[in-house]
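Subject: Structure handover

Hello,

Please find the structure below. My notes on it follow.

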Amino acid sequence: MIVVMKPDATAEQIDHMESHIRSLGMSPQVLRGTQRTVIAAIGEERDGLVEALEPGEGVERVLPILAPYKRASSELTSERTVVSTRGLVVGGVKVAVIAGPCSVESEEQIVSIAVILKALGATGLRGGAFKPRTSPYSFQGHKEDGLKMLATARDATGLAIVTEVMAPEHVPLVARYADVLQIGARNMQNYQLLQAVGDSGKAVLLKRGMSATIEEFLLAAEYILDRGNPHVMLCERGIRTFEDHTRFTLPLATVPYLQEKSHLPVVVDPSHGTGKARLVTPMAKASVAAGADGLIIEVHEDPEHAMSDGSQTITPAAFSQMMAMCQRIAEAVDRTM
Ligand code: PEP
Ligand code: MN
């Protein structure tokens, strides 16, 4: 339920409504706007709630939250969420760029690419230390050693570290090194993991499951928000369809659609979304044109010899060109890069 308070509602009236909402078995979230305060009552929307809330002093009106995802819904607030950690700001006028290799391979590799990417305008450094691989025989990542290498690259550049966490019991470890915890597509519906990253309070990049609907995607975000962690970014990374000319199908209508339904920022991953290096720049351009708040791009100095996802990984030279083209598109849609 959304309890809209009158513009002149007093602090006592707002406090009273908060405790009244709690007494009804719901969780209050107070949103203080410039004109008036709105209190979201989060929980199951059941009959009788409007009647229980509307007579409260200072209450102007009570509306149901129609979406099943309550905290993620744009019905709650017209203000857009901006996720900010170190120099990485996602959701503002500037389109954020997170770039780096699929996997952290060595300290030398990650520091070298980080320095290059920083100079080319990235504000986040990606790199997997715990890798979700389709085959158990493929490289699984350097794990804690990889996290340490990422921390060294951050010390060298100041870039915010974005790295995947695959299991709830690893969240404290990964959170010690990372600035942003990435939830991979294969784990989008791992609810215990979502709750654990919610509890960590760290910024989270939530990737869309490859067969998840938008409603399921937003309900996964809801699990994180419901633990009191508002720092959530949504990432469209492509879905599985009958189509096989690309690794996944990258639906960009998702970007404006998510921005309509939710206040959370939207990042696009054209690397996993296409699986082909030559398609990354065109789809990055299209993502910016569609209004993406950020991009996440796989970049490696020697993609042919990358330990994972080389075929969808671009070189620093290609990344530099991509940035220049995307900057022009950003301007055309009233953004910067
Ligand atoms: C990745 O970012 O390297 C990754 C494994 O992505 P996804 O979970 O989207 O497949
Ligand atoms: Mn990858």
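Lysine 207 has a side-chain N or O atom 2.9 Å from an oxygen atom of ligand 1; a polar contact here is a pair of N or O atoms within 3.5 Å, and within protein one atom must be able to donate a hydrogen and the other to accept it, with residues adjacent in sequence counting only if both atoms are side-chain atoms.

Some conventions before the rest. This is a predicted model, in which local features need pLDDT of at least 70 and side-chain atom pairs count only at pLDDT 80 or more, while totals for chains, interfaces and linings use all residues. Residues are numbered from 1 along each chain as its sequence is written, chains are lettered from A and ligands numbered from 1 in the order in which they are written, and side-chain values use heavy atoms, with hydrogens and water left out.

Ligand 1

For arginine 126, the distance from a side-chain N or O atom to an oxygen atom of ligand 1 is 2.8 Å. For arginine 237, a polar side-chain atom is 2.6 Å from a ligand 1 oxygen. Ligand 1 alone exposes 300 Å², of which the protein buries 97% (Shrake-Rupley areas with a 1.4 Å probe; for residues, only the protein chains shown count as cover). There are 13 residues around ligand 1, and those that come nearest are Arg126, Ala185, Arg186, Lys207 and Arg237 (near means a heavy atom within 4 Å).

Glutamate 298 is buried at 0% relative accessible area, as are aspartate 309 at 18% and cysteine 102 at 3% (buried is under 20%, exposed over 50%, partly exposed in between; 1.4 Å probe, protein chains only).

Cysteines

The structure has zero disulfides (cysteine sulfur pairs within 2.5 Å). The sulfur of cysteine 326 has its closest cysteine sulfur 15 Å away, in cysteine 235, too far for a bond. Cysteine 326 is buried, at 0% relative accessibility.

Regards
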